[in-house]
Structure formats: structure tokens, C-alpha cells
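This report goes through one protein chain and a selection of its local features.

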Amino acid sequence: MTGPLESALAELLERFHDGQPVALGRAISLVENERPGFQDFLHEVLRVGPRAARIGFTGPPGAGKSSLLSMVATNCRTQDEQLGVVAVDPTSSYSGGALLGDRIRMSDLATDPGIFIRSMATRGSLGGLATTTKEVLDLMDAFGFDRVLIETVGVGQTELEITAAADTVIVVLVPESGDAIQTMKAGLMEIADIFVVNKADRPGADRLVKDLRQGLHLRAATAIESAPAHHGLDLARIMRKESCEEPRGPGWSPPVLSTVAQSGEGVEDLMDTIKAHRFWLEESGELEERRRGRRKVRIQDVVDRELRRTAWRSDTVLAELDQGLERIQKRKDTPYSVAWDILDRLLR
Ligand SMILES: Nc1nc2c(ncn2[C@@H]2O[C@H](COP(=O)(O)OP(=O)(O)OP(=O)(O)O)[C@@H](O)[C@H]2O)c(=O)[nH]1
Ligand SMILES: [Mg+2]
């Protein structure tokens, strides 16, 4: 681990630093498939950055995440920004281009050489997949895009975790996706920096906007009231953020916008809000704090992954597991005692 790169990877790294999209594509495959040396490669890549503004779009299926992302991307392209786009599909077993013209309505973007689009499936397997996706985001970031846009369907823990890899999280809701209470229950309230009620051309949109605003108000009030009892530190942070004398500036309360992604209505407002949030992130120190939090999680993730790998690829451990099963059968052991023996050997 973290030794010198093997020559093929060193060459790939050179082309990656050179800004060749083909090299980025290869690097992503290397990481996605966890091929030998992928972590050494990431180690080299992460020596710089992060630099890109990362914007995540999440929300229920069909809310218009892709449509909105396309609008935002098109808008950024008029400023001549270079963009990376990652679309995460939690249900599909396909990966790569298979998703593109199909579920993800971004075909207009796909032909623009200033945009690099990658679709990934999370395949629903256990563990590690969110980490891989976040590593792909790091690759996109390090490649030098001005912005990296991420789309995930907000359905589960993995997707929320991936969303946390964005600096600005946009939660896209629609009148059909249920009321504000459901949104709170789904954990979307906690992660949103900006709420967008899309499909504002349909009935019920105004109502949802109103309810969301009310819900956010209530939540903010309760957070401050209940903070001293359980979260002394959090309260200190909130107070500090709200004090005018502090250099860190005031906190951010998620605005609720409405859009019609198809026609582009409200997209300009959204762009302004994204910029305002970026400004706040940088000025308040929150950006650095979020990045620090992400680094911590990454260290933990890599340790977890390596422990798992080391364990289940070791012949000794596998033999011990087999012998343990025999002993359990003879009532001399339990799964716990066998597990402890294995851990003992690993960590010795
Ligand atoms: N009426 C109306 N339809 C919209 C609007 N925005 C998107 N749609 C339509 O809603 C459907 C879903 O849009 P997508 O952008 O694919 O939604 P998504 O959230 O990316 O969907 P998944 O990735 O499949 O979860 C498409 O048929 C869009 O044309 C809108 O503002 N109003
Ligand atoms: Mg989509």
C-alpha cells in the first residue's frame, strides 16, 4: 500500500494529470473494479484537491433530478465551466453507458465535450459501494472539473452517504412525492442545503413549498430549544454562528425554491442560490469543516475495507473459520468465540 505505482498505473496517472478524458475513464474503471493498485492510485491523486464545487441532487424517483441537473449543467456551460457528472442508480444492475439515454434524461449533455458523464450502479450489495462511489467523485474532482454534479435517488442509507460527499445538497421534491412530514421522516430534511419543489406546473406545489418552509422553521426552533439538554456543543456552535461579532458569519437556513425543470422556470433562482451557498460555505469555514468530516469517514472506510479484505482473503483465517464451524457443531464454541479468535489473530 502507498508504495511507488506500478509502471502502467504511473503512465495512467501521467495522462490523468494531463487532462485526458480517456485516462479519467480508465481511472474510474480501475477504482470501480477495485483492481490491483487502485488505492495507491487514489493516494497519488488525492495529493491535490479537493477543488471542484460538488453539487448533489437527491430526492424521490422521477422528481426531475436529471432534468434539473441538465438545466444547471447547461447554465454552467454558458460560463464555460468544465463539468463532471455522476449519476448513481441504486436499483439497476447495469453500469456504464447502459443507463444514459434511458433512465437518465441527459442525452443533450452527453454530446458536449465540456461535460464528462458517468453512471454508476450501487447494485444493492453489502458495504463498500458507497465508498467506491465517493472515490469516483474524488477522481472527478482531482481531474480538474470546475464542478462535479451528482445525482442519487434518495431512497436509502447508501444514497444519503453518497449525497454527503457533495458540498451543496439539493433535495428535489414534487407535489406527488408526499407531504413535508414524509420528507422529514426520510432524513432528507437533515441533509438539504437547498430544497427545490419541482413540477411547480402541477397542483399542490405551492402547498408543499409552504409546508416545507413551516417545517424548517419549526425544526430550527426546536433545535435551539432542545440543544442545551442534549447537545451543549451544538448549541454553542449555533450561537456562535448567529453572533454578529464572530468572523464565521451567520448560519445557513435552507431556502425552498420552486421550479419547472422542463421549461427552465426558476432555474436562474436556483443558480443564484447555489452560488450564495458556495459563498457561505467558503466564508463561514463550513466547507473546510465538511471536507474534514469527509476525510475522517474516508479513513474509517478504508480501514474497514482493508480489515475485511485482509480477513477474508487469508487462508489461515478461512481455515480457522472452518475449524470454528466444527467446534460450534460440537458445542465447544459459539460464533462469537470463533469471531474473537479470528480477530485476535488478525490484530495481533
Ligand atoms: N410536468 C413536469 N414534468 C417534469 C418536470 N421536470 C421533469 N419532468 C418530467 O418528469 C419525468 C422524470 O424526470 P427526470 O428528470 O428523469 O426525473 P429523475 O428524478 O431524474 O428520475 P429518476 O432518475 O428516474 O429517479 C420526465 O418525464 C420529465 O420530463 C416539471 O417541472 N414539470
Ligand atoms: Mg434521473
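The model is a predicted one. Glu 11 belongs to helix H1, which covers residues 7-17. Between Glu 11 and Ala 23 there are 9.5 Å in space, C-alpha to C-alpha, and the two are 12 residues apart in sequence.

## The chain as a whole

The chain has 348 residues, and 45% of them are buried. Its secondary structure consists of 15 helices and 7 strands.

Of the contacts between residues at least 6 apart in sequence, 75% join residues at least 24 apart. The accessible surface is about 18,700 Å², and carbon and sulfur atoms account for 53% of that area.

## Magnesium site

Which residues coordinate the magnesium ion (ligand 2)? The donors are Ser 66, through OG, and Glu 151, through OE, at 2.1 Å. Ser 66 is part of helix H4 (residues 65-78) and Glu 151 is part of strand E4 (residues 147-153), so the pair ties together parts that lie 85 residues apart in sequence.

Are Ser 66 and Glu 151 buried or exposed? Both residues are buried.

## Packing of H12 and H13

Two packed helices are described by the angle between their axes and by the distance between those axes. For helix H12 (residues 267-284) and helix H13 (residues 286-312), the angle is about 80° and the axes are 4 Å apart. H12 and H13 are therefore roughly perpendicular to each other, as angles of 65 to 115 degrees count as such.

On the H12 side, the contact is made by His 277, Arg 278, Trp 280, Leu 281, Glu 282 and Ser 284. Their counterparts in H13 are Glu 286, Leu 287, Arg 290 and Arg 291. By type, the residues of this contact divide into 3 nonpolar, 2 polar and 5 charged.

## Helix H3

Helix H3 spans residues 38-45 and is mostly covered, with 6 of its 8 residues buried. Which residues of H3 are buried? They are Phe 38, Gln 39, Asp 40, Phe 41, Leu 42 and Val 45.

## Loop residues with positive phi

Most residues other than glycine have a negative phi. Asp 80 has a positive value, with phi near 65°. Asp 80 sits in the loop between H4 and strand E2 (83-89). The relative accessible area of Asp 80 is 58%, so this residue is exposed.

Arg 331 also has a positive phi, near 60°. The loop that holds Arg 331 runs between helix H14 (315-329) and helix H15 (335-347). Why does Arg 331 count as exposed? Arg 331 counts as exposed because its relative accessibility is 77%, and the exposed class begins over 50%.

How values were computed: Residues numbered from 1 in each chain as written. Chains lettered and ligands numbered in written order. Predicted model: local features only at pLDDT ≥ 70, side-chain atom pairs only at ≥ 80, totals over all residues. Heavy atoms only, no water. Helix = DSSP H or I, 4+ residues; strand = E, 2+ residues; numbered from the N terminus. Buried < 20%, exposed > 50% of the residue type's maximum accessible area, 1.4 Å probe, protein only. Contact = heavy atoms within 4.5 Å. Areas by Shrake-Rupley, 256 points an atom, 1.4 Å probe, with all protein chains shown as cover. Axes fitted to C-alpha atoms, helices over the stretch in contact; angles between N-to-C directions. Parallel < 35°, antiparallel > 145°, perpendicular 65-115°, else oblique. Nonpolar A, V, L, I, M, F, W, Y, C, P; charged D, E, K, R; others polar. Donors = N, O, S within 2.8 Å, 3.2 Å for Na, K, Ca; no water.
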